[in-house]
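Visitor: I'd like a close look at a single part of this model, and then at how other parts pack. Take your time with it.

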Amino acid sequence: MTTTIKTLEKGWADAVKKTYATRRVQWNRAALLATDQVKPNPGDLVLCTVDELGQHTCLELMDGRRAHLLYRDRIVAVYGNRCSVNEFEALVPERLESCHLAASCGIAARVTGRHLRMRPPTTLTPLGLICDSCGTPLNISRFALAPGKSVCSRPSIIAVMGTSMHTGKNMTTASIIKGFVNAGISVGAAKITGSGTGRNYWLFQDAGADAVCDLIDAGVVSTHGMEPEKIEKIFYDLLTHLLSADVGVIVLEIAGNLYQSEVNSLCTSATFQQNIDGVVFVTGDAMGAAQGVMELHQHGFNVHALGGKLACSPLAALEAEKATGLRVFSRDDFLNGALLPCLTRPPMFSEYGAQQAPVGAQS
Amino acid sequence: MIAYEENNTLSLWKNHEKVKAAFTTRRVDFTECCFCKKGRKPANGDLVLARVRKIGQHHRIELANGRKSALFPGDEIVVAYGNRYAPDQFGAMVPEDLSPCHLVAAGGIASRMFTRNNKMKMPTLIEPIGILTDSAGVTINVGKYAMRKPASVPERPLTLAVAGTSMNAGKTTTVASLIRGLSRYGLKVGAAKVTGTGAGGDLWFMKDCGAALALDFVDAGYPATYLLSKNELIKILDTLISCLTVAGADVIVLEIADGLYEEETATLLSSSRYRSLVDGIMFASSGAMAARGGVQWLRKNNIEPLAISGVFTQSPPVVAILEKQLKIPVLRREELADPAIMTYLALCFPGHDFAQNTPQTAIAH
């Protein structure tokens, strides 16, 4: 059986809504549309029609605007697996068949499970995979950033991790960034795991970061189900990119909780462990804080402070401070430079594939 | 970070990507902005460089490309001075001087709030650094970059307006659905918001629904229309319709913001120039009582609405009562968004020459 290929008409791209996930795509490469007998792969660009509106009635566009999504709209989405405990679990289907908009940044997938609070997902009918002039499907990995140059010194690197979605991680990360910017320090920021929503990307820029990158720059739309080596590579590529921007401090947001396999892969990676000088742990309650800090310590991480929704409740914050011995900082604390004392002289940059060092070896 | 220096020169202006320029300044050529002057009396439309002091109701500012950028204390923003009238949000007037004032609309309006809806938090507090001027020291006003009415304008296409009982009566949804229906039928729809306060939400919604071009009063040189004179309002209406006509629209859909009791809306709808520029009106209402009141007001001004729509259409019993009482068709948003809306319009405007039906362009062949 052979693939059915059609030609994309001139001007086709003007009449479609191009999702955030396609941010790096060079549209002049798109020439053909494979409409039949093709197997979608994660990262492939797919032209779809919107069938029935469900949970997502808005779409993040390439430039960050949230556009209204309407019945019969044509969009360019990207196939990807997604696992979000508070939204959808979704997998790339085997064929070009009716599927779902699994995230408003433009992830096309078949939803296999959803949080009870979610409405059914918006349904999409794929018209075909977008291909180059040779008939090869365009994949966003083709447009990934080139990794930065090798360096030996690096600034302090802070990771923001948390117990789950919706505990205030985004705003905590943004406040940390803004706190450094307010102190005159240039900041590089990235979101490493999860799915490629533009929310963080733009928020970090809005907070004044000089260099910002995310999964889309690494050429993937989501890290769900990825092998540990691939996740380590994404971390390495994005980090070296930020290092080549010559910033004063790097702030990384790690989406998802510590039990998600991709976060766990990162936490056990020696390259990651040796390049993170400290963690800010974001959570909504004291018990989660205590458990999270304990597990981070077991992995050998230094934890700078606690933050997130916890800081909204003075009583919960007290509980957490008592249980962990760490300070709980509010958004305003971070904005006012609560993390400035953490910028100690960092160790050398640990190259990709670093060997596991004994816990506590980092200076 | 700091765009402004003590000698008034906008030194880092050329790489000012960290200064957040609001949607209301989208037509401005920033290379012409050279100085930032203190001690001037602001006027409607003047550009001001300001620093965010305390975040309140608006914690994001809309940029020229429609993205809503998060605001932090200390951020530098460029916005336009303007008056705002929004019963669901703020009432605000351009202050007398450059003392601290408020960000009263996310689209980028600097003003001083004098009243607010109970549901609103205090507005975001901003501290003007100075008024932007050109190299000769002349204040830069958004009016400088307004679209001008073209010298020769062909005969305008069918022009429909949507007015409503109040803010949040469903006007924008009515406008958007109508645009959707007309564009799905194959018409090139030109859309405009004639009155209101500068913000991208409605314009982007119009474009998302298929409008080939969407303009508003900012394109005609005003950041907001509150307190404008009748002549200014008519000039805006005329300019927008002319520009959409020249751009080749097959049909024009206009949104008139706020309720009929709002001063500018009433002035505009009761003017004779309005009658010569607009062929028909659809009326959006929040509830049954307001719909009756609105239709009475329109009839008193010799305007017979083509149809009524709005939030109340979600309640079938209300729809039934109103249709019977007012003898005006009620159109729900699904009906407006259907290409079959053209059948209804053809009945309303017999003999009108609508453009040929060209179905949505095929993407691949």
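Is Thr133(B) buried or exposed, and what is its relative accessible area?

Guide: Thr133(B) is buried, with a relative accessible area of 0%; buried here means under 20% relative accessible area, exposed means over 50%, and partly exposed is in between (1.4 Å probe, protein chains only). Some ground rules: this is a predicted model, where local features need pLDDT of at least 70, side-chain atom pairs count only at pLDDT 80 or more, and totals for chains, interfaces and linings use all residues. Residues are numbered from 1 along each chain as its sequence is written, chains are lettered from A and ligands numbered from 1 in the order in which they are written, and side-chain values use heavy atoms, with hydrogens and water left out.

Thr133(B) belongs to strand E11 (residues 124-133) of chain B. Helices (H or I, at least four residues) and strands (E, at least two) are DSSP runs, numbered from the N terminus. Leaving aside residues up to four places away in sequence, Thr133(B) touches Glu32(B), Cys33(B), Cys34(B), Phe35(B), Lys37(B), Arg40(B), Val138(B), Thr139(B) and Ile140(B), where contact means heavy atoms within 4.5 Å.

Over in chain A, take strand E12 (residues 122-131): eight of its 10 residues are buried, so E12(A) is largely enclosed by the rest of the structure. Strand E3 (residues 32-36) of chain A pairs with E12(A) in the antiparallel sense over three bridges; to count as paired, two strands need at least two DSSP bridges between them. Within that stretch, Ala34(A) has Leu129(A) as its bridge partner. Strand E4 (residues 45-52) of chain A also pairs with E12(A) in the antiparallel sense, over six bridges, and Glu52(A) stands opposite Thr123(A). Strand E10 (residues 99-103) of chain A is another antiparallel partner of E12(A), over three bridges, with His100(A) bridged to Thr123(A).

Back in chain B, helix H1 (residues 171-185) packs with helix H2 (residues 201-208) at an angle of about 25°, their axes 8 Å apart. The axes are lines fitted to C-alpha atoms, for helices over the stretch in contact, and angles run from 0 to 180 degrees between N-to-C directions. H1(B) and H2(B) are therefore roughly parallel, the term for angles under 35 degrees, with over 145 roughly antiparallel, 65 to 115 roughly perpendicular and the rest oblique. Residues making the contact include Ile179(B) of H1(B) and Phe205(B) of H2(B).
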